[in-house]
Amino acid sequence: MVLQWTVVHALESTNDGQLPLLWYKEEANRERDFIKEVCFSQDGHVICSPFAFGFRLFSPTIDCSVYVDPHQYTDMKPSELIEVNTTIGHRSVVLTTRCSPVHMLFASGCLDGRVCFNQPCLA
């Protein structure tokens, strides 16, 4: 099995010019010849990642609310993302996910060309 990482880096560099790693999640990659495309929710608090025949939703916090002061990046240790939802619904491996810019709505596309629209409940 091939493993890959979903990671979140800071948008501002530290004094040494590096973009610090904030959160991460190790995931299995079922299709070795393809790069999976993750996306962020409209508020930036949820990451949608293709996973097998569906997708998983991750957040740095269990209640999907996060704010990190940019000045804390240098002191922050990387931590594992929390899986808040898993949705399986395709007949083929999902390779890409996209988020609506205005609604809590995700689209997922799989290797056989099908697209599913999902409105997950995070409560």
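The model is predicted: local features require pLDDT of at least 70 and side-chain atom pairs count only at pLDDT 80 or more, while totals for chains, interfaces and linings use all residues. Residues are numbered from 1 along each chain as its sequence is written, and side-chain values use heavy atoms, with hydrogens and water left out.

Select residues 94-99, which form strand β8, together with residues 106-110, strand β9, and residues 115-118, strand β10. Strands here are DSSP runs of E with at least two residues, numbered from the N terminus. The three make an open sheet of 3 strands in the order β8-β9-β10, with antiparallel pairing. Its edge strands are β8 and β10, each of which pairs on one side only. From one strand to the next the twist averages 20 degrees; axes are lines fitted to C-alpha atoms, and angles run from 0 to 180 degrees between N-to-C directions. Two strands are said to pair if DSSP finds at least two bridges between them. In general, strands of a sheet pair through backbone hydrogen bonds, either parallel or antiparallel.

Follow the chain from β8 into β9. A hairpin of 6 residues joins the two strands, and their antiparallel pairing extends over 5 bridges. Select T96 to find the residue opposite G109 of β9. On the β10 side, G109 stands opposite V115, and A107 has F117 as its bridge partner. The antiparallel pairing of β9 with β10 comprises 4 bridges. The hairpin between β9 and β10 has 4 residues between the strands, and G113 in this turn has a positive phi of about 95 degrees.

Display the surface around β9. This strand is largely enclosed by the rest of the structure, because 5 of its 5 residues are buried. Buried means under 20% relative accessible area, exposed over 50%, and partly exposed in between (1.4 Å probe, protein chains only). Both faces are covered: F106, S108 and C110 are buried on one side, and A107 and G109 on the other.

Which side chain does the side chain of S108 meet in a polar contact? Select S108 and H90: their side chains make such a contact at 2.8 Å. A polar contact is a pair of N or O atoms within 3.5 Å; within protein, one must be able to donate a hydrogen and the other to accept it, and residues adjacent in sequence count only if both atoms are side-chain atoms. S108 is buried, with a relative accessible area of 1%. Not counting residues up to four places away in sequence, its contacts (heavy atoms within 4.5 Å) include F55, V94, R114 and N118.

Move to residues 47-51, strand β4, of which 4 of the 5 residues are buried, so β4 is largely enclosed by the rest of the structure. It pairs in the antiparallel sense with β3 (residues 39-40) over 2 bridges. Their hairpin has 6 residues between the strands, and G44 takes a positive phi near 80 degrees. Strand β5 (residues 54-59) runs antiparallel to β4 and is joined to it by 5 bridges. The hairpin of β4 and β5 has 2 residues between the strands, with A52 in the turn at a positive phi of about 50 degrees.

Finally, select C48. C48 of β4 stands opposite C39, and its bridge partner in β5 is L57. A search of the whole structure finds 0 disulfides (pairs of cysteine sulfur atoms within 2.5 Å). C48 is in no disulfide; the nearest cysteine sulfur, that of C39, is 4.5 Å away. C48 counts as buried because its relative accessibility is 0%.
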